[in-house]
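Hello,

Here is the structure I promised to hand over. My notes follow below it.

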Amino acid sequence: MVDSQYYLPNDIGVSALDCGEAFRLLSPQEKMYAHYLSRAAWYGGLAVLLQTSPESANIFVLLQKIFRKQTPAQLEQVATAAGLSAEEYQAFLVYAAGLYANMGNYKSFGDTKFIPNLPKEKLEALMKASQAFQEQPAEMEALWDSCSCPLFSLEDKQKQLGLGDKGITTYFSGNCCLEDAELAQKFLDSKKLSAYNTRLFKRDNGGKACYEVRLASAVQKGQNDSFTQEPSYDVKPYCTRDRFGMKNLAYAANENQRKMLEEYRRSFTFGSVDAHKEGSRYWIKDKGPIVESYIGFIESYRDPFGSRGEFEGFVAVVNKAMSERFAKLVGSAEVLLPELPWPREFEKDTFLKPDFTSLDVLTFAGSGIPAGINIPNYDDIRQSEGFKNVSLGNVLAVAYATQKEKLTFLEEEDKDLFIKWKGPSFEVQVGLHELLGHGSGKLFVQDDKGKFNFDKSKVTNPETGEPVSLFLHLETWDSKFSTIASSYEECRAECVGLYLCLKNQVLSIFGHDGQDAEDVVYVNWLSMVRAGLLGLEFYTPESKSWRQAHMQARFVILRVLLEAGEGLVGLEEVTGQDGKPDARITLDRSKIHTVGKNAIHRFLCKLQVLKSTADVEGGRALYDGYSTVSDSGAHNFLRLRETVLLRKEARKMFVQANTRVSGDSVELVEYEGSAAGLIQSFTERFQDEAEQLEADLLEMNRRDQLAVTLLM
């Protein structure tokens with residue numbers, strides 16, 4: 001029997017993201033702009049297949065070839081004739097939908113591998129009975145042979161993403177370890193180059209380790225020729241399809257959008273992170289667009305070293321009513337920021353008021369869809385020029401809805417309240433997390449001319465009373481704090497949300513007063529401590545590592561609040577009504593404003609001080625300490641992890657619409673919220689030049705595997 005955490009259940013939730021009304025209200029020009037940006041995002045998003053695992057691209061092509069010839073409904077009869085039961089065929093559809101939704105065969109949230117929940121020989125029989133196989137037997141056989149073994153393999157190293165012997169990664173060749181990642185980072189820093197759009201391959205050259213840094217660019221030579229001056233390194237293209245065409249420019253609404261698109265195109269053509277940063281500057285200046293978008297190598301969660309960005313691109317339409325609330329929150333930011341628990345000197349000199357909008361997602365290409373975003377991630381831009389916040393309204397509307405009978409680990413009397421206020425409370429938390437969490441705090445930096453961005457004679461470390469340490473020129477948050485950077489920052493932002501949601505001013509902005517406001521606060525804090533328990537699903541005991549930044553952060557917060565004592569949080573192991581292990585988590589609402597607030601105050605101040613002062617050693621000691629999962633102490637978290645796995649509910653998948661040009665207009669093509677609907681959306685998304693696209697993907701993956709073979 002396969003452990004259930006390694007396959008997707010047949011009854012997994014699948015929801016369609018509704019953007020029909022928002023799209024209908026766009027002008028013809030805005031629809032064209034959204035359409036071409038969406039095409040760029042979807043084609044660029046295929047790079048994620050190559051960033052996930054060696055087999056992901058080939059599995060994707062195999063599925064595309066099968067479903068291009070026969071829809072899920074048509075293939076069902078073939079499956080029955082091939083000997084598959086109805087449950088086995090549904091398991092195949094769910095696997096295919098999961099592969100598309102995650103853009104690879106590892107879960108985007110948790111980085112765990114998932115395999116088809118049916119016998120390998122049954123899937124092979126279906127593949128060979130398909131029309132695609134009948135028409136191209138040799139090609140389909142070769143495809144199956146190239147990916148069928150890793151498709152089903154659950155060898156220890158292949159169970160999760162990771163570096164070296166801890167898991168699978170394509171950001172590094174399989175013979176790389178943490179020391180290699182650190183060495184490459186030092187090299188890139190010395191060349192004043194970002195790791196965001198690179199991968200690292202290591203080879204042996206007569207007993208000496210040599211490295212090849214692969215850069216994501218459409219051309220092999222260009223602005224980065226200086227990168228090849230070091231003989232141990234070489235620049236080679238990693239994603240050669242130039243899909244960021246000039247058609248976008250024709251429908252841009254203003255000069256900022258046009259310049260933004262030109263810089264993005266230059267970035268993808270030559271692999272220039274500087275060009276992407278320049279495009280991001282124009283993006284920040286593009287205030288209040290009706291059609292919002294961002295594209296590139298953005299989030300570093302899945303790089304085991306924490307420096308390389310996964311590709312993503314989104315296109316969304318502003319929800320004006322909800323955006324008004326976020327605009328009020330932005331307007332209150334300068335009043336709320338001084339309420340945070342660190343000294344004034346540890347806050348930015350000036351709060352650069354960002355755009356903060358609620359968006360209905362039309363397109364989100366990548367490995368997963370978040371609830372909110374705070375970008376760009378470039379420290380130098382965020383600190384001095386600003387950023388944007390977005391909350392994805394149609395994602396929030398469906399992502400966190402749950403049925404009472406599936407609501408785990410809560411007291412019965414909390415469940416109805418939780419269901420009623422989970423959505424509104426999460427809306428408040430997302431707003432605070434993105435705007436005042438990620439948007440707050442100062443990094444002490446010395447620039448290339450030796451100038452400091454703070455008064456050294458006046459600023460001291462409030463924890464030690466000593467002068468502060470700092471970030472040197474070219475050092476960034478990600479490069480300095482590396483493996484803990486993402487989760488540490490998510491934890492800091494979550495704590496800001498918990499701390500500031502206690503303010504009546506904040507709750508009033510979101511329309512909550514009186515008892516309703518108290519219930520929103522209670523459910524927000526209860527949701528956080530429950531999420532901390534649920535986070536144990538994403539911890540791997542064998543490697544003592546966390547696979548998901550946000551869930552590690554929430555577990556840390558649970559530990560902090562348990563440590564606060566005085567009955568604030570209760571966590572006990574119990575036996576469920578089914579006779580199996582269960583757990584109950586409780587929160588004393590009368591102590592949130594006292595015991596809870598004080599605990600978060602102390603912890604949040606420590607997090608910010610350690611971050612501002614570039615204290616990697618102190619930050620790692622603090623964060624790793626609270627991240628520890630053991631079977632000793634007041635709570636046996638290793639045993640509780642087994643209970644969480646026993647009771648877990650699979651994360652929902654989303655079906656997204658497509659757009660299609662028809663004459664002078666753009667049509668929105670929507671699909672049902674099911675595994676079959678998700679599959680259909682992907683097969684129709686790339687149908688115009690499917691065969692060439694699939695050939696290109698296979699060729700890029702073949703070159704990767706050839707390089708790995710030669711390097712090993």
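**The annotated site**

Glu-434 counts as buried, at 7% relative accessibility (buried means under 20% relative accessible area, with a 1.4 Å probe and protein chains only). This is a predicted model: local features need pLDDT of at least 70, side-chain atom pairs count only at pLDDT 80 or more, and totals for chains, interfaces and linings use all residues. Residues are numbered from 1 along each chain as its sequence is written, and side-chain values use heavy atoms, with hydrogens and water left out.

UniProt, in an unreviewed entry, lists Glu-434 under "active site". Such annotations may be inferred rather than shown by experiment. Glu-434 sits in helix H17 (residues 412-437); helices are DSSP runs of H or I, at least four residues, numbered from the N terminus.

For "binding site", the unreviewed UniProt entry lists His-433, His-438 and Glu-490. They span 58 residues in sequence, yet no two of their C-alpha atoms are more than 8.3 Å apart, so they gather at one spot.

His-433 is also in H17. His-433 is buried, with a relative accessible area of 5%. Leaving aside neighbours within four places in sequence, His-433 is in contact (heavy atoms within 4.5 Å) with His-438, Glu-490, Ala-493 and Glu-494.

His-438 lies in the loop between H17 and helix H18 (477-481). His-438 counts as buried too, at 10% relative accessibility. Beyond four places in sequence, its contacts include Asn-374, Arg-382 and Glu-489.

Best wishes

Notes
Helix = DSSP H or I, 4+ residues; strand = E, 2+ residues; numbered from the N terminus. Buried < 20%, exposed > 50% of the residue type's maximum accessible area, 1.4 Å probe, protein only.
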